[in-house]
Amino acid sequence: MELHERDERRAAAEAVLDDLASAGVVGVVLPWVDTSGITRMKSVPLARLPSAAQWGAGMSQVFDGFLVDDSIVAGTHAGSAIGDLRLHPDLSGLRVLAGQDGWAWAPVDRYTQDGAPHVQCSRSLLRRLVGELAEEGLSVKAAIEVEWALGEGAGPPGSDPRTFRPALAGPAYGMTRHIEVSDYARDLLEALDAQGVAVDQFHPEYAAGQLEVSVGAQDPVAAADTSLLVRTTIQAVSIAHGLRASFSPKVTADGVGNGGHVHLSLWRGAENLMNGGPGTFGLTEDGEGFTAGLLAHLPALLAVGCPSVASYLRLVPSHWAGAYAVWGLENREAAVRFVTGPSGNRQAAANVEVKCVDGAANPYLLLAGLLAAGQAGLRAGSVLPDPVAVDPGTLTEEGRREAGIVALPTSLEEAVTAFERDDVLLAAFGPELATTIAEVRRGEIALFAETSPEELTAAVRWRY
């Protein structure tokens, strides 16, 4: 980072101090997401924001090696107590937090002490891949759905703090459940609106106590920032109501779990390349290549999209989780669901939804992996197999084999092995980050090697 850029960042921070102070802000949260999917943070008093914008706030690089339980992998490129990084707030994402009085929030990029982007900074990686697509005249619009299970508070003294008691008793997708959560949902929607988050939908979901919010599509970096901000807001509003929110991929061993579905559309200028072409369902040639790249790299992508051992308790057939590497029109059992949108609005609405990923994922890593896979399909001119119009889980093994339908990895170990063999993702992430991803994943595999599904879900329930 050049000195003139540092000076510009300081000036930009100084320019917003009075407005922030008038809004009652006394401190600014500087969050980022680690390799395991946990949001970590530091904060600075408001008066120190210009200094943080110019020089960054210090944070150890040891966090690249953190596991979900806060133990640390002593990895090849991560987990060392030696060295320091700088957290630089991106003031374009600065928001006054409506759910936390007195606080503002700004996503950060991680830099070295010498001002170079940290090679394991997932946000910087995502921005670079967005830039590569832009050099080819292309852009992507993305949105991440957020599902969470709402539980009662911590319980009486002496109770197991890991216990989950659903805060809602109404039926899935039911009006009764919405009435139960009406005041909470009102406060949540008001907070999100005050923070500039464009909410498309809110509704009760399928599992016990489960809710979902969908947001508008943005450029991928902003979409990942928004996902982080939405989850932060949900946590804050939940605590204010005496409740707890879990984004874990598996909240209870017998439940369906929380997905983190990603919607993507490829654009050239004002043209949506997922519509208006001669291909299946109106795909253009570029739209098909991008989608084919996503599908081809899904097994390896699960190492970032389903990063928890618990993820594979969720990723099972006939649970709308997308357990098979197929695509199909509005097929909620396909790993890649093609969405045309309503007739008359398809140029704006057509997109693909990646359903097999979950709430444990680092959104920056996940979107970076999806962009790298889609770009590889584009450059190779890849074509899609025939779409699947049935639930693959209802077919016999022979029927799936004849149709060329294969299951996605059924364990984190399988996903990591696929990741380590995927030249596209390894090249996009670089050796340091790719190695750390694999080492952190294997650290968590070892951590839960002898754990039952019930023990596993309890252990990670309130970590995500």
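Visitor: Gln-54: buried or exposed?

Guide: Buried means under 20% relative accessible area, exposed over 50%, and partly exposed in between (1.4 Å probe, protein chains only). Gln-54 has a relative accessible area of 8%, so it counts as buried. This is a predicted model, where local features need pLDDT of at least 70 and side-chain atom pairs pLDDT 80 or more, while totals for chains, interfaces and linings use all residues. Numbering starts from 1 along each chain as its sequence is written, and side-chain values use heavy atoms, without hydrogens or water.

Visitor: Which helix holds Gln-54?

Guide: Helices are DSSP runs of H or I, at least four residues, and strands are runs of E, at least two, numbered from the N terminus. Gln-54 sits in helix 2 (residues 49-55).

Visitor: What does Gln-54 touch, beyond its neighbours within four places in sequence?

Guide: Contact means heavy atoms within 4.5 Å. On that list for Gln-54 are Arg-6, Asp-7, Arg-10 and His-88.

Visitor: How many residues are in the largest nonpolar core?

Guide: Such a core joins buried Ala, Val, Leu, Ile, Met, Phe, Trp, Tyr and Cys residues through side-chain atoms within 4.5 Å. Here the largest has 101 residues, with Trp-148, Ile-234, Leu-264, Leu-367 and Phe-429 making the most contacts inside it. Helix 11 (residues 363-380) gives the most to this core, 10 residues. Another core, of 21 residues, lies apart from it and includes Val-25, Val-28, Leu-30 and Leu-46.

Visitor: And Tyr-206, buried or exposed?

Guide: Tyr-206 counts as exposed because its relative accessibility is 52%. You'll find Tyr-206 in the loop between strand 10 (199-204) and strand 11 (210-215).
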